[in-house]
Amino acid sequence: MTAVLETRGLGKQYGRRWALSDCTLDIPAGRVVGLVGPNGAGKTTLLHLAVGLLRPTAGTIRVLGDAPPANPAQLARVGFVAQDTPTYAGLSVADHLRLGARLNHNWDAGLASDRIARLGLDPAQRAGKLSGGQRAQLALTLAVAKKPELLILDEPVASLDPLARREFLQGLMETVADQQDEEVSVVLSSHLVTDLERVCDYLIVLAGSKVQVTGDVDRLLATHHLLTGDRRHPATLPPGQEAISASHTDRQTTLIVRTNGPIHDPAWTVSAIGLEDLVLAYMSRGAAPERRPALEVQR
Amino acid sequence: MTWLTWRQFRAQTVVASAGLAVLAIVLVITGPQLAHTFDTTVIGCRAHGDCTGVINALQRQDTAVQDLTRLLMYVVPAVIGLFWGAPLLARELETGTYRLAWTQGVTRVRWFGVKLVLTGLASVATAGLLSLMVTWWWSPLERVGAGRITPGEFSQGGIVIIGYAAFAFALGVTTGLLIRRTLPAMAVTLAIFVAVQLAVPFWVRPHLIPPLRSVSALNVANIQGVSIRAPGNELFVSAGPNIPGAWIYSAQVTTAPGSTDLGPSPAACGPNSGYNQCQATLARMHLREVVTYQPASRYWTFQWYETAIYLAVALVLAGFCWWWVRRRVA
């Protein structure tokens, strides 16, 4: 399996602040990848680096085998829906489709107009008069009709109401599923894991401008456990088990532990962990590395 | 890319074309009348003496159109910079649509190049057409006016406005790129453009070509004023040299050896004698008139120089924008 997106020590600095640092990733092809992290974690920076809107300060990034933005050919192979789904307010829906057709060699006019018709958008409508959900759909239509191998969406549903969110993500998945002839990889970011849970099979958690965890969703769920037991320090865990987060009451300790093997210690009650709890554990770890959960803090 | 540029620039093109068309109609209706007045009155009277009356009459014809064309020649380059140049990139950066445009199958360098070149050519063409029409319309008036090389008239015709428009446009694009917001970029563009337009006639244009210097015996008919200043009873004479259509830098009256100190005033120019006596006395003093000036024949040389300077600055700005878009932005 080849990587559609490959970074090595990737970093981007604005002034003295690193928006993204030491990011090493391999995103396999054919997956729907969720990029989760709190606001300001560096998600947009990473995605802008991937589509070539930004240039890295440190490290390397390769998208579909080339450093972006290598050439028009590579631009044509990557579809991008930017945050807040920008469109030209003065141009009509039909104008946007023409724009896509003029600027992209592989443009699928049939797919674009079918999608617009199915969404019930009026082609003569100006994009500035569309609702947020409709505008997001228009931006997605532009991105998918160029027949990309990699589709990148930056917080596409952040500004949508819950119903529009569901419709948008459903439409996205249907569109991806419809491309039987070629495999499309999707990367979409959100600060809410609930948005991604239903659609993603691969997860990257970004917090504090660093990658906290990355991997196949099923595998992440299989290797993380929620442990509850009598109060004790997480450092007492056997080797091979890593505490991602710990919380304590007077008598009880709750740990989220990562391990490849089974947990045999009978002192713990082991239960399965939800994706949301898992992500939150990594996010809080990344957000405050200097305040790792420690026993003393809770006393 | 050409299509997108046209689509985004369509409204501006329509407005500019309509404006030029309306102006063309007005000028085509009034222009021949002006030329007719010139042919029938001014040319006839020039054969025999004083034409002041008919020239005044000609200059009072169609004053509204005269004022309009003068205004347009000043304002159009600035408007191009403000409304075509400044928003070109600032609006894309401000509304975030550059993220849409730069992730289509066209590189941002090409995207910027096509937009810049097509809109820039439209700017230059608009200014050029305007100047062509206005210069044609003004030609009778210009032949009785102060001389088209003089600072007040210089930018009212010819080709410099093409340089002004190109510069204003490139300036607008640059400020828009650096400031990234449309309205502040427009304000900064206007401020810089006005400052440059004021600075060039005063500090740049006079030095483009060294002026001519003519020294001649003072023709007493050219004397514009005689004054005597206390305490030394010094004589001062000011003269208006008669060099048709020239741009006069300075005109000084000196003594025969070349000193500007004319010495004490002769009694004939005192408060108790008449001007004719004074004039006759001055005529006998062998005074000289030293004039530094640009002759009217240098009009086109100045036009080409100044246009070339403005175009060169516009190209430098465009090159900077190209580099910035390629390397820095986003």
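Among the elements of chain B, the lowest mean pLDDT, 82, belongs to helix α9 (residues 275-283), and the highest, 97, to helix α7 (residues 160-179); helices here are DSSP runs of H or I with at least four residues, strands are runs of E with at least two, and both are numbered from the N terminus. For the complex, the predictor gives an ipTM of 0.87 and a pTM of 0.89.

Before going on, the conventions: residues are numbered from 1 along each chain as its sequence is written, while chains are lettered from A and ligands numbered from 1 in the order in which they are written. Because this is a predicted model, local features need pLDDT of at least 70 and side-chain atom pairs count only at pLDDT 80 or more, whereas totals for chains, interfaces and linings use all residues.

Staying with chain B, its secondary structure comes to 10 helices and 5 strands, and its C-alpha trace spans about 85 × 45 × 30 Å along the principal axes.

How do helix α1 (residues 2-46) and helix α5 (residues 108-142) of chain B pack? Their axes lie 8 Å apart at an angle of about 5 degrees, with axes fitted to C-alpha atoms, for helices over the stretch in contact, and angles running from 0 to 180 degrees between N-to-C directions. That makes α1(B) roughly parallel to α5(B), since angles under 35 degrees count as roughly parallel, over 145 as roughly antiparallel, 65 to 115 as roughly perpendicular and the rest as oblique. By class, this contact of α1(B) with α5(B) has 19 nonpolar, 6 polar and 1 charged residues, where Ala, Val, Leu, Ile, Met, Phe, Trp, Tyr, Cys and Pro count as nonpolar, Asp, Glu, Lys and Arg as charged, and the others, Gly among them, as polar.

Turning to the interface, the contact takes 16 residues from chain B and 24 from chain A, two residues being in contact if their C-beta atoms, placed from the backbone, lie within 7 Å. On the chain B side, α1(B) gives the most, with 3 residues, and by class that side has 7 nonpolar, 7 polar and 2 charged residues.

In chain A, 6 strands form an open sheet of mixed pairing in the order β5-β6-β7-β3-β8-β9, two strands being paired if DSSP finds at least two bridges between them. β5 (78-81) and β9 (210-216) of chain A stand at the edges with a single partner strand each, so one side of each has no neighbour in the sheet. Within this sheet, β3 (residues 32-36) and β7 (residues 185-190) of chain A run parallel and are joined by 5 bridges, and A:Val36 has A:Ser190 as its bridge partner in β7(A).

A further open sheet of chain A has 4 strands in the order β11-β12-β10-β13, with antiparallel pairing, and its twist averages 25 degrees from one strand to the next. There, a hairpin joins β11(A) to β12(A) through 3 residues, and A:Ala243 has A:Val257 as its bridge partner in β12(A).

Note on methods: pLDDT = per-residue confidence, 0-100.
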